[in-house]
Amino acid sequence: MLGFSIATLILVATPIWAHSHHMAVGGRGRSVNLSLCDTEGPDQTLQFIHRELSAQKKLRKVKPRAPESFTVETYFHFVVAEDTAAYYTPELRNTLATAQYNALSAAYAPTGIKFNLQPPTFTTNTTWATNADELAMKSALRQGTYKALNLYFQSHLSSPGSYNDPSNFLLGYCELPTSVTRTTCSSSPSALNLGNGCTTRTEIPTEYTTDGCNILLSSMPGGGMQTYDQGKTAVHE
């Protein structure tokens, strides 16, 4: 495998199912059906890699040590429906993004993982806000290489088949890691040597367009989703 997303760090061997709850949206008094997680289970390739890594770790018999620190380039994308666009002012978006960044940083601090948050984007598109056209949304908004973490905070994130039902919401899901092809690199002189005279490698972005996590916007800290507005959905996914 040549590239993995941050989702590798989750215990992907643990089955994940979507559960539904009937509840009220905090502050709005509106009853909704809420599905908790819609991430699909890992494919056979990813399961094989995790088994191999586990086996290698046992063979090395390395004593536990503090994790090495590394930083993940991170992008937040606010995607809201037209009827809620005015509510999400720049000030509110800044507050939500900062609180969510702090929640992620605190949760992953023991692992040595840090997040380098880039300026969040803001898009008003009702179709994208429900996730009815995920490919178009991510084709337009995704930033960075496959190493980057892109989180899409959608105001009306819904499960397939529920895009037009305003009472159905989904907390979130992620695309699990996959292999990434890199094109033939150049052989011009450089301090960087990747073997066989290679000095650069170029990824093919269309192979990982849908990479990232889709999160219900109101699950951000202070976002208003009763019980689930602590920012832990993004941490989990």
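**Close-up views of a predicted chain**

**Figure 1. The whole chain, an overview.** The secondary structure of this chain comes to five helices and eleven strands; helices (H or I, at least four residues) and strands (E, at least two) are DSSP runs, numbered from the N terminus. The model is predicted, so local features need pLDDT of at least 70 and side-chain atom pairs count only at pLDDT 80 or more, whereas totals for chains, interfaces and linings use all residues. Residues are numbered from 1 along each chain as its sequence is written, and side-chain values use heavy atoms, with hydrogens and water left out. Of the 237 residues, 41% count as buried. Here, buried means under 20% relative accessible area, exposed over 50%, and partly exposed in between (1.4 Å probe, protein chains only). The accessible surface comes to about 13,100 Å², and 54% of that belongs to carbon and sulfur atoms; areas come from the Shrake-Rupley method with a 1.4 Å probe, and for residues only the protein chains shown count as cover. Among contacts (heavy atoms within 4.5 Å) between residues at least 6 apart in sequence, 72% join residues at least 24 apart.

**Figure 2. Strand β6 and its two partners.** Look here for residues 149-154: six of the six are buried, so β6 is largely enclosed by the rest of the structure. Leu149, Leu151 and Phe153 point one way from the strand, while Asn150, Tyr152 and Gln154 point the other way. Strand β3 (residues 70-80) pairs with β6 in the parallel sense over six bridges, and Phe153 in β6 is the bridge partner of Phe78. Strands pair if DSSP finds at least two bridges between them. Strand β11 (residues 213-216) also runs parallel to β6, joined to it by four bridges; there, Asn214 is the bridge partner of Tyr152.

Figure 3. With a relative accessible area of 66%, Lys147 is exposed.

**Figure 4. The disulfide of Cys174 and Cys213.** A search of the whole structure finds one disulfide, counted as a pair of cysteine sulfur atoms within 2.5 Å. Cys174 is joined to Cys213, with 1.8 Å from S to S. Cys174 lies in strand β8 (residues 172-174) and Cys213 in β11, so the pair ties together parts that are 39 residues apart in sequence. The link is right-handed, with 100° about the S-S bond. Both cysteines are buried.

**Figure 5. Helix α2 and its buried side.** Helix α2 (residues 90-108) has 19 residues and reaches 27 Å from its first C-alpha to its last, close to the 27 Å expected at 1.5 Å a residue; the expected span is 1.5 Å times one less than the number of residues. Buried in α2 are Arg93, Leu96, Ala97, Gln100, Ala103, Leu104 and Tyr108. They cover an arc of only 125° around the axis, which puts them on the same side of α2; the arc is that of the directions from the helix axis to the C-beta atoms. On the other side, Glu91 and Ala106 are exposed. The buried residues of α2 pack against β3, β4 (113-117), β5 (121-124), β6 and α5 (232-236).

**Figure 6. Thr233 and its contacts.** Helix α5 holds Thr233, which counts as buried at 8% relative accessibility. Leaving aside neighbours within four places in sequence, Thr233 is in contact with Leu171, Gly172, Ile215, Ser219 and Tyr228.
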